[in-house]
Amino acid sequence: MLILRMEDEHLQEVRDLDYLVFQRNTPRTILNLKNLKTYDKDGCFVCIINKKVVGYIFARTFGQEGFLGPAGVHPEFQGIGIGKELINKSIDYLKTKCKVIGLEVLPEKTKNIEIYHRLGFVSALPSYIFDISSNDIDTLHKFNNLDLYKVGTRKREDILNSIDKLNGLKASNVSYRNDLLRSISCKGSICVTYVDRKLCGFFAYSRIPFPFIWGIVEDGSYDYNVLKECLANLFKYSGYRNCKIIVNTRYKRAVELLIKLNCKLDKSINRMLLKGYEGNYLTESKALIFRPWIS
Ligand SMILES: CC(C)(COP(=O)(O)OP(=O)(O)OC[C@H]1O[C@@H](n2cnc3c(N)ncnc32)[C@H](O)[C@@H]1OP(=O)(O)O)[C@@H](O)C(=O)NCCC(=O)NCCS
């Protein structure tokens, strides 16, 4: 049995295996898998037996935040330790650069929850996935909004620096720059909102792993209006009408705001974090973070 870094040449087999183990209606595309791998190509592995891929794991990092999955082992080879080998391989890699190591798992996947407990993960607060529609949001025209695509390179760089400095994130060393650049290169959409010339929120549209909107709003008396206006402008700039938006329930205020916006709760997903890598340093953050994976 060989555990190797996942390369493009493995993706065809990974696609077939992923289709089989998750019993998907349609297989993922190779492009989708390639994109998943770009979140951190050094944290993704395959298990090879008799020259065939029988297991795989993806990992992704955002600065010092690291997340595992998806992962799968061929049914004929399950229960003999391959999943554990793969997960530990990714964990060992994530430990070299991350302060947070986590994953998300559907509540009904009780077998997996048990497996992750055995591997040293503990339960954290769940994440909510909401459906959001442009019909629910009207523009207020209160603040200054910018489409990141319409500004010059230098201005864009200034804005990316301001996003990096958004309240609470500086101490955590988390940077969204790679994701934002990926969003730009994938012809996504990004909107930033200023209150009194200070950048107080941004939202980006992303297609991976499914179409969703993510972003941050500074927690303050104007947070609801910044959220509303930034989202309304993002819908306007991009032309998108319906999307998912995800928030971890540790951001109680963020959940309240989405409910107030009439977003429909679609799913609640369990979050688990590796003991010792639970990311408590973000508890003091004043930023409301609307995105998957961030603890
Ligand atoms: C989840 C999955 C990747 C695990 O891979 P695996 O190779 O079967 O797991 P392992 O044999 O390495 O077992 C890992 C641990 O889980 C335990 N375990 C395995 N099967 C189990 C089961 N049916 N119930 C409870 N625990 C189980 C093992 O005992 C082991 O713990 P231990 O080392 O303390 O004994 C595999 O079952 C799979 O592909 N499932 C379908 C896809 C999926 O759900 N992926 C995960 C979500 S992204």
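Start by selecting Phe 58, which is in contact with Leu 36, Lys 37, Cys 44, Gly 69 and Pro 70, leaving aside its neighbours within four places in sequence. Two residues are in contact if their C-beta atoms, placed from the backbone, lie within 7 Å. Before going further, note that this is a predicted model, in which local features need pLDDT of at least 70, side-chain atom pairs count only at pLDDT 80 or more, and totals for chains, interfaces and linings use all residues. Residues are numbered from 1 along each chain as its sequence is written.

**Around Phe 58**

Phe 58 is found in strand E3 (residues 52-62). Helices (H or I, at least four residues) and strands (E, at least two) are DSSP runs, numbered from the N terminus. Is Phe 58 buried or exposed? Phe 58 counts as buried because it has 24 C-beta neighbours inside 10 Å. The cut-offs are 20 or more other C-beta atoms within 10 Å of a residue's own for buried, 12 or fewer for exposed, and partly exposed in between, with C-beta atoms placed from the backbone.

Next select Gly 69 and Pro 70, two of the contacts of Phe 58. The peptide bond that joins Gly 69 to Pro 70 is cis, with omega near 0°. Pro 70 belongs to strand E4 (residues 65-73).

**The start of the chain**

Go to Met 1, in the segment before strand E1 (2-5). Met 1 is partly exposed, with 13 other C-beta atoms within 10 Å. Not counting residues up to four places away in sequence, Met 1 touches Cys 47 and Ile 49.

**Helices H1 and H2**

Two packed helices are described by the angle between their axes and the distance between the axes. Select H1 (residues 11-21) and H2 (residues 30-38), which pack at an angle of about 105° with their axes 10 Å apart. Axes are lines fitted to C-alpha atoms, for helices over the stretch in contact, and angles run from 0 to 180 degrees between N-to-C directions. H1 is therefore roughly perpendicular to H2, a term that covers 65 to 115 degrees. To see where they meet, show Leu 11, Gln 12, Val 14 and Arg 15 in H1 together with Ile 30, Leu 33 and Lys 34 in H2.

In the loop between H1 and H2, pick Gln 23. Its phi is near 45°, a positive value in a residue other than glycine. Gln 23 counts as exposed, with 6 C-beta neighbours inside 10 Å.

Look for Asn 262 in the loop between H9 and strand E12 (264-278). With 12 other C-beta atoms within 10 Å, Asn 262 is exposed. The C-alpha atoms of Asn 262 and Phe 58, 204 residues apart along the chain, are separated by 34 Å.

**The cores**

A nonpolar core is a set of buried Ala, Val, Leu, Ile, Met, Phe, Trp, Tyr and Cys residues joined through C-beta atoms within 7 Å. Which residues of the largest core touch the most other members? Select Phe 202, Ile 213, Leu 231, Ile 245, Val 247 and Phe 290, out of 45 residues in that core. Elements that each supply at least two residues of this core include strand E9 (198-206), helix H8 (223-238) and strand E11 (242-248). The largest share, seven residues, comes from H8. A second, separate core of 38 residues includes Val 14, Leu 94, Phe 121 and Leu 274.

Now select Val 192, in strand E8. Val 192 is buried, with 25 other C-beta atoms within 10 Å. Its contacts, not counting residues up to four places away in sequence, are Leu 146, Leu 148, Ile 159, Leu 199 and Phe 202.

**The whole chain**

Finally, colour by domain: domain 1 is 2-98 and domain 2 is 130-269 + 279-290, with bounds from an automatic or database domain assignment. The domain centres, taken over C-alpha atoms, are 29 Å apart. The chain as a whole has nine helices and 13 strands, and buried residues make up 43% of its 295 residues.

Notes:
Angles under 35 degrees count as roughly parallel, over 145 as roughly antiparallel, 65 to 115 as roughly perpendicular and the rest as oblique.
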